4 protein chains.
Amino acid sequence: MPNEFTIERRVQFAETDLAGVLHFSNYYRMMEELEHAFWRSLGESVVARGMKEGTISWPRVATSCEYKEPARFEEVLELALAVAKIGNRSVTYEVTFRRDGRTIAIGSMTAVCTIMHHGHFERAAIPDSIRAKLESHLASA
Amino acid sequence: MPNEFTIERRVQFAETDLAGVLHFSNYYRMMEELEHAFWRSLGESVVARGMKEGTISWPRVATSCEYKEPARFEEVLELALAVAKIGNRSVTYEVTFRRDGRTIAIGSMTAVCTIMHHGHFERAAIPDSIRAKLESHLASA
Amino acid sequence: MPNEFTIERRVQFAETDLAGVLHFSNYYRMMEELEHAFWRSLGESVVARGMKEGTISWPRVATSCEYKEPARFEEVLELALAVAKIGNRSVTYEVTFRRDGRTIAIGSMTAVCTIMHHGHFERAAIPDSIRAKLESHLASA
Amino acid sequence: MPNEFTIERRVQFAETDLAGVLHFSNYYRMMEELEHAFWRSLGESVVARGMKEGTISWPRVATSCEYKEPARFEEVLELALAVAKIGNRSVTYEVTFRRDGRTIAIGSMTAVCTIMHHGHFERAAIPDSIRAKLESHLASA
């Protein structure tokens, strides 16, 4: 897919469960690792301190995942992120999990641009400099 | 809601993140804990060994969560499970997270009845004895 | 043992691994849950905001665990905490994991009294009011 | 140190806690990831199926860690493994966590060679072919 951002990620032992497969909750942790690697690839961090607006972070308001085939210990998965939608204050990512080129799971995360003040959160418009970077990765661009 | 099954669950320190709140992936672990407590309340286990069909388990094929308000360390949440839908081979749960009676998150999980053979999985019709127990908790019953 | 503080804790599915047993790292999470329940039993929290000294917390400087028998999904363990040693600025806990009265693991944690200032940590003498409570649970008392 | 095996590992968001630092239990997960990468570097897996002895795995009998300085989100740590001791049926690893060349934590794990039979474990002598590989990495060699 054009504009995909990808990483490789090995399934670790502690991420498996007694059924012998990657625990379903750990797909979400992998999605987040991918998202944060994506931010770094943009020259940013998902936790941006020292912006003029304050410290910006991106809590999720919605996440989902569909599981097609199990993943197992030591397998190396390809995780691919596409920016599906950019709103005024939110961004939606689609994540595809592949093994040997075959899709084994598909996830989605919607995160909201937020200014953190002493442990409280306030939604905010996405700063222009960040919006431009996200838009350059929009899946439909 | 009629037929809800509920547990109380305290947010633990290791479940928080640097933003000071319950990490979004841990809602899924809590949903699973609730699901398994529900199975025990039915006199069953989510991993049923020694059924005549073999060992039955219930891997997820789809999960999702919407987050409305953050949860914090040491808060005691109420987790409520409703059986939303029972198919031939699958069951869908809806999970409501409440704090002081107020809904802070809503999740969903669809699990598929599966016979495990030596680390492989085969989908199977839900055994009648289990179906009857699930139906007695159907949200719309 | 005199002065033990105990809780019951069920082994959850996500805490097991492909070997079918409680993952060794999760004993440490259980130790921490026990420690924090102990603080609550003293009428305190391990994260004490609004003390005159600032926000006090108790990061670990050393932890260890010996594993004698595996623990499995849905087993209910008894976790017992004893205060082994109280120093000027640190406290050492010993934790015993039991199943059906039989010890299956033994752990230890040394935590240091710390004042948190904007994400930095400074070691501090244990406040007298807290020291008195800890001493009342000293194993050798 | 001679014979060290090292990997780089970034601290992930979900591994931090509300104190803003890498949660102490996650050092153990990192030690295990390092151990398993070490096995792969030997051309082996920590879970060796199809050995003539059966499936061999290496559950821990003892683990410990000392924490000198906190680690934070997105920092890249160097994890170094040394084989400290090889017994008849066990191996002890020492793990050093470094950031920018500076040691921030030191851990230890003792694992026991075990044959798995249908979810049960039996200790066994380390097979010669594996012993030879471990010995070539002995810290004092």
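In the predicted model, the two chains meet through 26 residues of chain D, which are in contact with 26 residues of chain C. Together, chain D and chain C bury about 2100 Å² between them, and 57% of this area lies on carbon and sulfur atoms. Of the area that chain D buries against chain C, 25% is supplied by D:Phe24, D:Arg29 and D:Tyr67, a share greater than that of any other three residues.

With regard to secondary structure, the elements that give two or more residues to the side of chain D that touches chain C are α1 (26–41) and β4 (60–67) of chain D. The greatest contribution to this side comes from β4(D), which gives eight residues. When the residues of the side of chain D that touches chain C are divided by type, 14 are nonpolar, six are polar and six are charged.

As for specific interactions, the rule applied to the interface of chain D and chain C finds zero salt bridges, although six charged residues are present on the side of chain D that touches chain C. Polar contacts, by contrast, are found across the interface of chain D and chain C in 15 residue pairs, with both residues of each pair at pLDDT 80 or more.

Note on methods: Residues are numbered from 1 along each chain as its sequence is written. Chains are lettered from A and ligands numbered from 1 in the order in which they are written. This is a predicted model: local features need pLDDT of at least 70, side-chain atom pairs count only at pLDDT 80 or more; totals for chains, interfaces and linings use all residues. Side-chain values use heavy atoms; hydrogens and water are left out. Contact means heavy atoms within 4.5 Å. Buried area is the accessible area (1.4 Å probe) that two parts lose on being put together, summed over both. A salt bridge is a side-chain nitrogen of Lys or Arg within 4 Å of a carboxyl oxygen of Asp or Glu. A polar contact is a pair of N or O atoms within 3.5 Å; within protein, one must be able to donate a hydrogen and the other to accept it, and residues adjacent in sequence count only if both atoms are side-chain atoms. Helices (H or I, at least four residues) and strands (E, at least two) are DSSP runs, numbered from the N terminus. Ala, Val, Leu, Ile, Met, Phe, Trp, Tyr, Cys and Pro count as nonpolar, Asp, Glu, Lys and Arg as charged, and the others, Gly among them, as polar.
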